[in-house]
Amino acid sequence: MEKKENYYDILGISEESNSPAVVYAFRRLVKEHHPDLFSGREEKKGAEAFIKRVTEAYNTLSRPALRAKYDESLETRRRRSPKANAREQMEELMKQGK
């Protein structure tokens, strides 16, 4: 199963980051990976695709209502993840001393 890309990972920030950190990360990534900085056709295509993902992440995380909805979907995904459930079960057993 393919792991769905996380907007926080794309921007290189933590989930606790504030709005200015989201803006800063977006601007930094656009400046570093702008397609005009590359001369090769494939490099430009790769940069364009990356900028699209960065912009999508920014547009979601920079709007409080969308960010809250996105965070909720992330939490739901984590709860459904077999790995997360196994980790939680292991932590619970360790707390119980088993």
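Of the contacts in the protein chain between residues at least 6 apart in sequence, 51% join residues at least 24 apart, where contact means heavy atoms within 4.5 Å. This is a predicted model, in which local features need pLDDT of at least 70 and side-chain atom pairs count only at pLDDT 80 or more, while totals for chains, interfaces and linings use all residues. Residues are numbered from 1 along each chain as its sequence is written, and side-chain values use heavy atoms, with hydrogens and water left out.

**Exercise 1.** Work out which pattern the protein chain follows along the sequence.

*Solution.* Start with the elements: helices (H or I, at least four residues) and strands (E, at least two) are DSSP runs, numbered from the N terminus. The protein chain has 5 helices and 0 strands. Reading along the sequence then gives α-α-α-α-α.

**Exercise 2.** Take helix 3 and find its span, its buried residues and their packing partners.

*Solution.* First, the span: helix 3 has 21 residues and runs 30 Å from first C-alpha to last, close to the 30 Å expected at 1.5 Å a residue. The expected value is 1.5 Å times one less than the number of residues.

Next, burial: buried means under 20% relative accessible area, exposed over 50%, and partly exposed in between (1.4 Å probe, protein chains only). The buried residues in helix 3 are Ala47, Phe50, Ile51, Val54, Ala57, Tyr58, Thr60 and Leu61.

Last, the partners: these buried residues pack against helix 1, helix 2 and helix 4.

**Exercise 3.** Count the aromatic pairs, then classify Tyr8 with Tyr70 and Phe26 with Tyr58.

*Solution.* Apply the rule: rings of Phe, Tyr and Trp (its six-membered ring) pair if their centres lie within 6.5 Å; planes under 30 degrees apart count as stacked, over 60 as edge-to-face and the rest as tilted. The count comes to 3 aromatic pairs.

Tyr8 and Tyr70 form a tilted pair, because their ring centres are 6.1 Å apart and their planes stand at 45°. Tyr8 lies in helix 1 (residues 7–11) and Tyr70 in helix 4 (residues 64–80), 62 residues apart, so the pair links distant parts of the chain. Tyr8 is buried at 2% relative accessibility, and Tyr70 is buried at 9%.

Phe26 and Tyr58 are stacked, because their ring centres are 4.1 Å apart and their planes are at 20°. Phe26 is buried, with a relative accessible area of 18%.

To finish, ring pairs link Tyr7, Tyr8 and Tyr70 into a cluster.
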